Amino acid sequence: MATSETVQENLALDFCQPIRPRVLLAASGSVAAIKFESLCRSFSEWAEVRAVATKASLHFVDGKSLPSDIILYTDDDEWSTWKKIGDEVLHIELRKWADMMVIAPLSANSLAKIAGGLCDNLLTCIVRAWDYSKPLFVAPAMNTFMWNNPFTNRHLETINQLGISLVPPITKRLACGDYGNGAMAEPSEINSTVRLACKRQPLNTNSSLVVPVSSIPPSS
Ligand SMILES: Cc1cc2nc3c(=O)[nH]c(=O)nc-3n(C[C@H](O)[C@H](O)[C@H](O)COP(=O)(O)O)c2cc1C
């Protein structure tokens, strides 16, 4: 039988367990979405992860390859989970659940839609409902011609004003064979950028027990 001392010890131990921030990871239809699995794995080392994928991204993301504890939500789930008035609405529930959101890769199309306030799929509905006191990171990925198009800067300026943080793309040989800027930052870079930002700015977590983010073990 547990004595009051062991109960106290267990409570103390429970309190020492770091509360994992809830990260909503989203992929849109850039070829860089082939790295989404790797991103999910690295984030799930320190966070509770749920995933969202646009219809186009599913050409590159294999949902079955994601860690088994990560639920992958798609546009179909928006409607299959809602039957009648009073049922939960998925994009609102995910927006409430998340402490932060990371869209990696962010396609030119989704960037434009977010900048314009459009919301015609699960990903953009979550962003349209987003609470900007919570961090939202984007890692754009597109061909250099698209990246250099004047629309990109306009859209980036708009989302910057909203408080969305940019993990800039890098210059390298792109999947299409062209060389130039526009490739998604490496998953390890996205993971460390987001994690560092969490450490600097303690999260307003949804969790009942708020533990300083400094208690999250440092990345290896
Ligand atoms: C093979 C292939 C690769 C693509 N790669 C990219 C890309 O890297 N970046 C991008 O912005 N769009 C890319 N696109 C175009 C997007 O998939 C398209 O704009 C789509 O509508 C994006 O939808 P989403 O933003 O809802 O995911 C690609 C399309 C194809 C067919």
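The model is predicted.

Just after α5 comes G117, with a positive phi of about 75°. Most residues other than glycine have a negative phi.

The overall composition is as follows. The protein contains 9 helices and 8 strands. Of its 220 residues, 39% are buried. Contacts between residues at least 6 apart in sequence were also examined, and 74% of them join residues at least 24 apart.

An open sheet of 6 strands is present, with the order β3-β2-β1-β4-β5-β6. Pairing in this sheet is parallel. Its edge strands are β3 (71–73) and β6 (165–166), each of which pairs on one side only.

Strand β1 (residues 22–27) is mostly covered, with 6 of its 6 residues buried. R22, L24 and A26 point one way from the strand. V23, L25 and A27 point the other way. Both sets are buried. On one side, β1 is joined to strand β2 (residues 48–53) by 6 bridges, and the two run parallel. The bridge partner of L24 in β2 is R50. Between β1 and β2 the chain passes through helix α2 (residues 36–43), and this β-α-β crossover is right-handed. Strand β1 is also joined to strand β4 (residues 100–106), by 4 bridges and again in parallel. Here L24 stands opposite M101.

Strand β4 continues the sheet towards β5. The pairing of β4 with strand β5 (residues 136–140) is parallel and spans 4 bridges. Within this pair, V102 stands opposite F137. Helix α2 packs on the sheet and touches β1, β2 and β4. The direction of α2 makes about 175° with that of β1.

Strand β4 also includes P105. The peptide bond joining A104 and P105 is cis, with omega of about 5°. Most peptide bonds are trans.

A further site was examined at G180. This residue lies in strand β8 (residues 179–183). G180 is partly exposed because 15 other C-beta atoms lie within 10 Å, a count between the limits of 12 or fewer for exposed and 20 or more for buried. Leaving aside neighbours within four places in sequence, G180 is in contact with T144, T171 and L174. G180 and I170 are 10 residues apart in sequence, and their C-alpha atoms are 8.1 Å apart in space.

Conventions. Residues numbered from 1 in each chain as written. Predicted model: local features only at pLDDT ≥ 70, side-chain atom pairs only at ≥ 80, totals over all residues. Pairing = 2+ DSSP bridges. Right-handed = clockwise from strand over helix to strand, strands pointing away. Contact = placed C-beta atoms within 7 Å. Axes fitted to C-alpha atoms, helices over the stretch in contact; angles between N-to-C directions.
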